[in-house]
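Reader: I have a model open and would like to go through it with you. Can we start with the loops and then move to the packing?

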Amino acid sequence: MNKKLEKAINTQINFEIESAFIYLAMKNYIETLSLDGFVNWFDIQFQEEMAHAQKFMDFVNNLGGRVEITNWESPKNEYKSILEVLETSLGHEKEVTRRIHNLMNLAEEEKDYPTISLLHWYVDEQVKEEDNFSRLIEKVKLVKDAGLYILDKELESRTFVPINPEK
Ligand code: OFO
């Protein structure tokens, strides 16, 4: 297989695994908030990133290339809120997209048609990944406003109770 692409795909394989561990750390932070639905969602996100890494690994192995697993950075374990987790995730996915597009540029320069074909899947996947997080961010913001609205309605019902001098 093309050596330049083998090296670049190996970098991406390790970045996909790094992504998986970022989401695994997020999932465990969310456990502390008792938001079970988000815990489930981030567990699936972790599994998806491992599947992304596996798809690249299968590709390299099928072409007789060599997969090399390296160390990756420790993920961030502490966040301030679910919104911070989601905004960090969206920023991360934008970085993944940038890297996938760079890989596509390299594959096109090298006229490596199998890699170009494979990368189309990742280009489409990144559209979905960024959209998922953008929508979740908007939903969390909406729900927060709704919560404030419900609380506001509750406060509207407060009435003045004069002090009874007899008591
Ligand atoms: Fe979340 O993205 Fe992988 O590729």
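Reader: Where is Ser34 found?

Author: This is a predicted model. In it, Ser34 sits in the loop between helix 1 and helix 2.

Reader: Buried or exposed?

Author: Ser34 is exposed, with a relative accessible area of 57%.

Reader: What about the phi of Ser34?

Author: Positive, at about 60°, although Ser34 is not a glycine. Most residues other than glycine have a negative phi.

Reader: And Lys111, what is its phi?

Author: Lys111 also has a positive phi, about 50°, and is not a glycine. It lies in the loop between helix 3 and helix 4 (113-156). With a relative accessibility of 57%, Lys111 counts as exposed.

Reader: One more loop residue. Where does Gly64 lie?

Author: In the loop between helix 2 and helix 3. Gly64 counts as exposed, at 63% relative accessibility.

Reader: How far is Gly64 from Ile137?

Author: Their C-alpha atoms are separated by 42 Å, and the two residues are 73 apart along the chain.

Reader: On to packing. At what angle do the axes of helix 1 and helix 3 cross?

Author: Roughly 170°, and the axes come within 11 Å. That makes helix 1 roughly antiparallel to helix 3.

Reader: What is that contact made of, by class?

Author: The contact of helix 1 with helix 3 has 16 nonpolar residues, five polar and five charged.

Reader: Take Gln12. Which residues does it touch?

Author: Leaving aside residues up to four places away in sequence, Gln12 touches Phe56, Val96, Arg99, Ile100 and Leu103. Gln12 itself is in helix 1.

Reader: Is Gln12 buried or exposed?

Author: Buried: the relative accessible area of Gln12 is 3%, and the cut-off for buried is under 20%.

Reader: Which helix holds Val96?

Author: Helix 3. Val96 is buried, with a relative accessible area of 1%. Beyond four places in sequence, Val96 touches Gln12, Phe15, Glu16, Ser19 and Gln126.

Reader: How far is Ile17 from His52?

Author: 8.4 Å, C-alpha to C-alpha, for residues 35 apart in sequence.

Reader: Changing topic. How many aromatic pairs are there in the whole structure?

Author: A search finds 10. One of them is Phe21 with Phe46, an edge-to-face pair with 6.0 Å centre to centre and 85° between the planes.

Reader: Which parts of the chain does that pair link?

Author: Distant ones: Phe21 is in helix 1 and Phe46 is in helix 2 (residues 36-62), 25 residues apart. Phe21 is partly exposed, with a relative accessible area of 29%, whereas Phe46 is buried at 18%.

Reader: And what is the geometry of Tyr23 and Phe42?

Author: The Tyr23 and Phe42 pair is tilted, with 50° between the planes and 6.0 Å centre to centre. Tyr23 lies in helix 1 and Phe42 in helix 2, so this pair ties together parts that are 19 residues apart in sequence. Both Tyr23 and Phe42 are buried.

Reader: Which residues are in the ring cluster with Tyr23 and Phe42?

Author: Trp41 and Phe133; ring pairs link these with Tyr23 and Phe42 into a cluster.

Reader: Last topic, charges over rings. Where does the charged end of Lys55 sit?

Author: Over the ring of Trp121, 4.9 Å from its centre.

Reader: And what does Lys76 lie over?

Author: The face of Tyr79, at 4.7 Å from the ring centre.

Notes: Residues are numbered from 1 along each chain as its sequence is written. This is a predicted model: local features need pLDDT of at least 70, side-chain atom pairs count only at pLDDT 80 or more; totals for chains, interfaces and linings use all residues. Side-chain values use heavy atoms; hydrogens and water are left out. Axes are lines fitted to C-alpha atoms, for helices over the stretch in contact, and angles run from 0 to 180 degrees between N-to-C directions. Helices (H or I, at least four residues) and strands (E, at least two) are DSSP runs, numbered from the N terminus. Angles under 35 degrees count as roughly parallel, over 145 as roughly antiparallel, 65 to 115 as roughly perpendicular and the rest as oblique. Ala, Val, Leu, Ile, Met, Phe, Trp, Tyr, Cys and Pro count as nonpolar, Asp, Glu, Lys and Arg as charged, and the others, Gly among them, as polar. Rings of Phe, Tyr and Trp (its six-membered ring) pair if their centres lie within 6.5 Å; planes under 30 degrees apart count as stacked, over 60 as edge-to-face and the rest as tilted. Buried means under 20% relative accessible area, exposed over 50%, partly exposed in between (1.4 Å probe, protein chains only). A charge sits over a ring if NZ of Lys or CZ of Arg is within 6 Å of the ring centre and within 35 degrees of the ring normal. Contact means heavy atoms within 4.5 Å.
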